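Colleague: I am new to this structure and would be grateful for a guided discussion of its contacts. May we take the contacts one by one?

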There are 2 protein chains.
Amino acid sequence: MNTDKHSQGPKKEDYLSHIAFDSVIFGFNGKQLKILVLEYQNTGLFALPGGFVKRNESLKDAVTKGVMERTGIEDLYLEQFHTFGNLDRFDSKAMERILEMNGLDIKAHEWLLDRFISIAYYALINFEEVNPIPDPLADSIEWYSLDELPPLMMDHEEIVQKALETLRENLDKKLLGMNLLPTKFTMKELQNAYEKIMGETFKRTAFQRRMLATKNLVRHEKLFTGGAHRAPYLYSFKIK
Amino acid sequence: MNTDKHSQGPKKEDYLSHIAFDSVIFGFNGKQLKILVLEYQNTGLFALPGGFVKRNESLKDAVTKGVMERTGIEDLYLEQFHTFGNLDRFDSKAMERILEMNGLDIKAHEWLLDRFISIAYYALINFEEVNPIPDPLADSIEWYSLDELPPLMMDHEEIVQKALETLRENLDKKLLGMNLLPTKFTMKELQNAYEKIMGETFKRTAFQRRMLATKNLVRHEKLFTGGAHRAPYLYSFKIK
DNA sequence: TATTATTGTAACAAACTGTTACAATAACAA
DNA sequence: TTGTTATTGTAACAGTTTGTTACAATAATA
């Protein structure tokens, strides 16, 4: 029996039909904000990492497992932000091409060509801690800056936009405890994260005061980088 | 051929399997905040109005149509707030009972006993403008205050909680143009709506100043109610 | 010990919020 | 007409938060 990854795709009977998930995985390294995009084998098609929900697993578990398989990270910040259910959101031609280029039998995977409703989640991680792993059907997975995204298939660009909007709305409430930054970080790194996500700049002093006023930061030792200037303190988020 | 409403339920082939929607329909009349709850025929089971998505209609259209069928309102404020996908969220025994009590053949409707993922929306309407219409399978649909809800089936109480949380978070951003209030309303009615939704009281003068500062209200003529006191102005939301 | 680049805070002003006070009504009664 | 009562619309003041500028406190290096 051929167990090569190209010999068999997801089996219809294992999954809930018509239901998919997509994930917008935001990565930050103290300087740049990027997202993970995968490219399907020989098709020139770019897409968000996604998957299907097994009949015997919860939606949340399916997404957690899916994102873990791409990033290797088990304990990440995941937030559901929207479910996409337009009629025009599935492109059976593209899916057919992906199956074909992966040597998968189209008849056996016909259920994948049907209409899907997709529940979208975003994740936040520090991309320097991650070695992304491609989808079984994809041959590459790469970090892309938001302003240098390749054209994404189906409605995936709309999904990214909505993810960014939601992240911006939630930033003040939910940046805490998330993994976008290393455990300990400087105020400048935190400000960079805010600025890259919000797409605007902040005054250093006001930003510092606002962050400290939240009482959600713990101050640690100073960070000596070798620069000829006063060393900044390191901070971490309080676990609530 | 029997066309009685009890003779046939939704047909499997018309709908996307495993996908449902539920709606939390908030109503306000200037004084009280309520939601619509329906009771299934002879079962003692209470539930949120919901439905399924046809294969050839968008998710949004399905929900809009569903809510319209219960309320008669075509043009309402609808917002998707969460998708519920836990394993324990479907109770096939309850569904079986509902089918049975409606004289529907269980075999023919077996797909309804399977696992469903539900996309939840909330709607905002002025409940004095509405004559709720029961589900084909339900025998009553009634307005209930949030603090006097009957026990709801499955995870519907959790859905209501999450709807209320989301509504509270969105109130300042999205109260505008919604139909919770009549087109023209007094500042007191607006304050009542805010207080009932947020579950807290506000100082009259500060509330009035805050609302006027948003620049989203248009002032109209005064409202003479016959009360022995200065008459309040009427306001409406600016259409943006 | 001076120089340079940053960081941490203080100080002041401007904007926003909370609270109190009070004048301006509508309806009604004397 | 003129009080009386209940409620509404604003102004005034205080307290709090936010924006801006200024400046002292370092780390490394010359």
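Modeller: A residue is counted as near a strand if one of its heavy atoms lies within 4 Å of it. Please bear in mind that this is a predicted model.

Colleague: How many residues surround DNA strand C?

Modeller: The residues closest to DNA strand C are Thr205(A), Arg209(B), Lys222(B), His229(B) and Arg230(B).

Colleague: Which element gives the largest share of the surface near DNA strand C?

Modeller: Two or more residues of this surface come from α5 (204–213) of chain A, and likewise from α5 (204–213) of chain B. The largest share, 4 residues, is that of α5(A).

Colleague: Turning to the protein chains, what area is buried between chain B and chain A?

Modeller: The contact draws 23 residues from chain B and 23 residues from chain A. In chain B, the residues that lose the most area to chain A are His18(B), Gln80(B) and Arg115(B), together 24% of what that side buries. Carbon and sulfur atoms give 55% of the buried area, which is about 1,800 Å².

Colleague: Which element gives the most to the side of chain B that touches chain A?

Modeller: Between the chains there are 13 residue pairs in polar contact. At least two residues each are supplied to this side by β1 (15–28), β4 (50–54), β5 (77–84), β6 (117–126) and α3 (156–174) of chain B. The element that gives the most, with 4 residues, is β1(B).

Colleague: Which side chain meets that of Arg55(A) in a salt bridge?

Modeller: The count of salt bridges between chain B and chain A is 2. In one of them, at 2.9 Å from N to O, the partner of Arg55(A) is Asp114(B).

Colleague: How are the two copies related?

Modeller: A rotation of 180° with 0.0 Å of shift along its axis superposes chain B on chain A, with an RMSD of 0.1 Å. The two copies are therefore related as by a two-fold rotation axis.

Note on methods. Residues numbered from 1 in each chain as written. Chains lettered and ligands numbered in written order. Predicted model: local features only at pLDDT ≥ 70, side-chain atom pairs only at ≥ 80, totals over all residues. Heavy atoms only, no water. Contact = heavy atoms within 4.5 Å. Buried area = accessible area lost by both parts, 1.4 Å probe. Salt bridge = Lys/Arg side-chain N within 4 Å of Asp/Glu carboxyl O. Polar contact = N/O pair within 3.5 Å; in protein donor to acceptor, adjacent residues only side chain to side chain. Least-squares fit on C-alpha atoms with pLDDT ≥ 70 in both.
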